[in-house]
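Dear colleague,

Please find below the structure that I am handing over to you. I would be grateful if you could read the notes that follow with the model open beside them.

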Amino acid sequence: MLAGTVLRIDPATGRGVPENPLYAGDGSGNASRVLALGLRNPFRFGVHGDLLVIGDVGEGSVEEIDVLDLSAPAAAPANFGWPCREGDDDTALGDVTDPASPWHACAAVRVDGGARAPSHAYPHATGGGSITAGTVLADASYPDGWRGRYVFGDYAQNRIWAADISAEGELTAVEVLADATAAEGPVKFLTGPDGLVWTLSIHTGSLRRIRHTGAVAADQCPVGTFRRTFHDLDGPDSVFDRDLSEIDPYWRWLFPYTEARLPAEPMAAATCETAIALDTDGSPWATPDAPDDRAHPGDRFGTAWRGRLDLAAGTYRFAVRSSEWVRLWVDDEVVHDFYANGIFDSVRDHDVALAPGTHTVRAELVHGDQDTATAEITWARTGGPPEVALTAPANGYVAATGEVPFAIAVGDPDGDDEATLAAHTELAVDFLHYSGGTYHAHPVQRLSGSLVGVVHVDDVHAPGAGVVRLRASVTDSSGARTTSAPVYVCFPGGAVGPCAGRAG
């Protein structure tokens, strides 16, 4: 039988290859093709060097990664234990030592050496589990601490992990690379044409990649503070000394500010500040030992701020107040690049929609020949997350036709109208397969842009052992996302999970 096996074949003929443990004759027999057995559902596997790394989806309680060294000669196919074992434990098959047991063959599998232990195993969480084997972060663009690590995921638990993998196939130092806010239900990992690791989402249907966005700067300040530096805008080539006679006198005074660019070299060591603010009529970087001895002391300098903020999702109003020209970037997008004193009141407040997480904020003040240099940039959340509520059949059962009607109500305290919210609404329909007191989730459908409708479901996969779960989510224009409480719908005759004890 070929159920629960991994085969190694000649791609041209489909026959087994001489390196296989049970190869015989011309390789046309099933046994000649088998490389490994005792697997329940080897969902994704790959060859990494001399290692075959398999993600085996469990049934009742455990997900596992099994590894086989292809360079080691073997007299028999590697046996990873299913259905006699799951993870490191025996399965509930009764007394397999009884010769009359239909599972008597498991007695030999369960003795020492009868089955290989997994290289890594983890238990089902509340949402069950469905492991997706992955690949290695091999590209040179990944930092030293991550390059060579093995990446795998679980779409039911909505996680991506990274682990060290030894030459012998042992997985250690397993840690979360992406949690439920970013993993997006991975069901495939591959090395893309750019050398980076790509992953496919079963939740959104999107193809995504894992990339390193750059080394953390050695002089970076803690989150919530800003690295501040001062830069020289004086000297023989100062933009403030250029001949501007050909420019309209009405706008001539603004021209140096539009052209000024802060040089990379600061005039003093950087400091970490708690705010983007400055108020001075001198040279704040100068000291008695290092005075400001430029041609225009206290004038013609630039100030730069760079920092990171941890923010909840929402719309944020960035207020820019200054005596002169200010540039502001949020996540490298220009928010303000203009004069910022009271003459220009209408352009000094900017609303920016931000998703939850860490955001980069940078700012620059260009100070010319004014008496003082002042600047202050503040931000405040002006909008909250949207609201969503889901209703399904009043009797809580799937109709005989397999139909499940639903209705979604949405609202937004920031003022997004229903049509805008509806366009960014998603209904997630999952089949919860119960086994051994726990369940794992199978995505059935993802329906976008509909507030009212009907979905079709069935329990062909596991008759009498499943429940339908519906959840609605909505994202507003600020990027804030809200997910409804789950609604469970039962199959007639099914009495598992939330449907246990119901009459139907």
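The charged end of R40 lies over the ring of W82, 5.9 Å from its centre. A charge is said to sit over a ring if NZ of Lys or CZ of Arg is within 6 Å of the ring centre and within 35 degrees of the ring normal.

Please note that this is a predicted model, in which local features need pLDDT of at least 70 and side-chain atom pairs count only at pLDDT 80 or more, while totals for chains, interfaces and linings use all residues. Residues are numbered from 1 along each chain as its sequence is written, and side-chain values use heavy atoms, with hydrogens and water left out.

The mean pLDDT (the predictor's confidence in each residue, from 0 to 100) is 90 for the protein, and 98% of its residues reach 70 or more. Confidence is lowest in helix α3 (residues 249-252), with a mean of 80, and highest in strand β19 (residues 276-280), at 97. Helices (H or I, at least four residues) and strands (E, at least two) are DSSP runs, numbered from the N terminus.

W82 also takes part in an item of backbone geometry: the peptide bond from W82 to P83 is cis, with omega near 5°. P83 belongs to the loop between β6 (78-79) and β7 (85-86). Most peptide bonds are trans, and most residues other than glycine have a negative phi. R44, in strand β3 (residues 42-48), has a positive phi of about 80° although it is not a glycine. A173, in strand β13 (residues 171-178), also has a positive phi, of about 50°.

Buried means under 20% relative accessible area, exposed over 50%, and partly exposed in between (1.4 Å probe, protein chains only).

The whole structure holds 13 aromatic pairs. In one of them, the ring centres of F230 and W285 are 5.5 Å apart and the planes are at 40°, so the pair is tilted. This pair links distant parts of the chain, 55 residues apart: F230 is in strand β17 (residues 226-232) and W285 in the loop between β19 and β20 (301-311). Both F230 and W285 are buried. Rings of Phe, Tyr and Trp (its six-membered ring) pair if their centres lie within 6.5 Å; planes under 30 degrees apart count as stacked, over 60 as edge-to-face and the rest as tilted. Y122, Y150, F152 and W161 form one aromatic cluster.

Yours sincerely
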